[in-house]
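Hi there,

Here is the structure I promised to pass on.

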Amino acid sequence: LFKYRPHDCYSESWILNEELFFASPAMFNDPFDSKVMYTAEGTLEQKKKYLNLLFEKEYPGIRKKKKWEMINRALKDGTLEKSHDGHIARMQKHINENGIVSFSRKPNDLLMFSYYAKDHTGYCLKYRRSSENVLSMAQKINYEERYPKFSVFDLALEKEGAIGDKVLYTKAECWKHEDEWRIG
């Protein structure tokens, strides 16, 4: 894997100390990269199913009648929509605070030197990826026509980390030339 860098006060850390810097996505040149695009859009049936599972998880052994009273109240007063914005803000804060380190599979790309090596005045470091080092955690970026947008009611994404992985490892197709891998 390769890392394009400007020559700056951190060069020694990168080159001699083999340190990595995990940048906040808030600093990225692509304003949509690693942004949580989460909606509360869904059918009434999806919302009922979601709330049913949520209440069963939150209140094990809850009586069916009580659970459906809570579901109907939540649907009527818009509880889901109200909690939506806070949930997105917490997810985005977590992503921004933990950061990402990006690499490329391309060792000599003019655009990469322009973007990340301060207008061709920096350098490109080569890293060997193996099961014994942290680079084994690097994952290939998926390039898609559109950035992922999630519905809170998409139960397929309920698996721990599924949404975060989709957000962190998906970029717009226009960036495909970077052939990016990252650790996030």
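A polar contact here is a pair of N or O atoms within 3.5 Å; within protein, one must be able to donate a hydrogen and the other to accept it, and residues adjacent in sequence count only if both atoms are side-chain atoms. One such case is S104, whose side chain reaches the backbone oxygen of E178 at 2.7 Å.

Before going further, a word on the source. This is a predicted model, in which local features need pLDDT of at least 70 and side-chain atom pairs count only at pLDDT 80 or more, while totals for chains, interfaces and linings use all residues. Residues are numbered from 1 along each chain as its sequence is written, and side-chain values use heavy atoms, with hydrogens and water left out.

Back to S104. This serine sits in strand β3, residues 101–104; helices (H or I, at least four residues) and strands (E, at least two) are DSSP runs, numbered from the N terminus. S104 has a relative accessible area of 0%, so it is buried (buried means under 20% relative accessible area, exposed over 50%, partly exposed in between, with a 1.4 Å probe and protein chains only). Leaving out residues up to four places away in sequence, S104 touches L1, F2, Y4, M112, E178, D179 and E180, where contact means heavy atoms within 4.5 Å.

D179, one of those partners, belongs to the loop between β8 (170–172) and β9 (180–183). D179 has a positive phi of about 45° although it is not a glycine, and it is partly exposed at a relative accessible area of 22%.

E18 also has a positive phi, of about 55°, without being a glycine. You will find E18 in the loop between α1 and β2, and with 65% relative accessibility it counts as exposed.

The loop between α1 (11–15) and β2 (38–39) holds F28 as well.

Is D33 buried or exposed? Its relative accessibility is 2%, so D33 counts as buried. The side chains of D33 and S34 are joined by a polar contact of 3.0 Å. Beyond four places in sequence, D33 touches P25, F28, Y147, T170, K171 and R182.

Now the whole chain. There are 6 helices and 9 strands. The radius of gyration is 21 Å, well over the 16 Å that the globule rule gives for 184 residues, so the chain is more spread out than a compact globule. That radius is taken over C-alpha atoms, and the globule rule is 2.2 Å times the number of residues to the power 0.38. Along the principal axes, the C-alpha atoms fill a box of roughly 65 × 30 × 25 Å.

Buried residues make up 39% of the 184 in the chain. Of the contacts between residues at least 6 apart in sequence, 78% join residues at least 24 apart.

Best wishes
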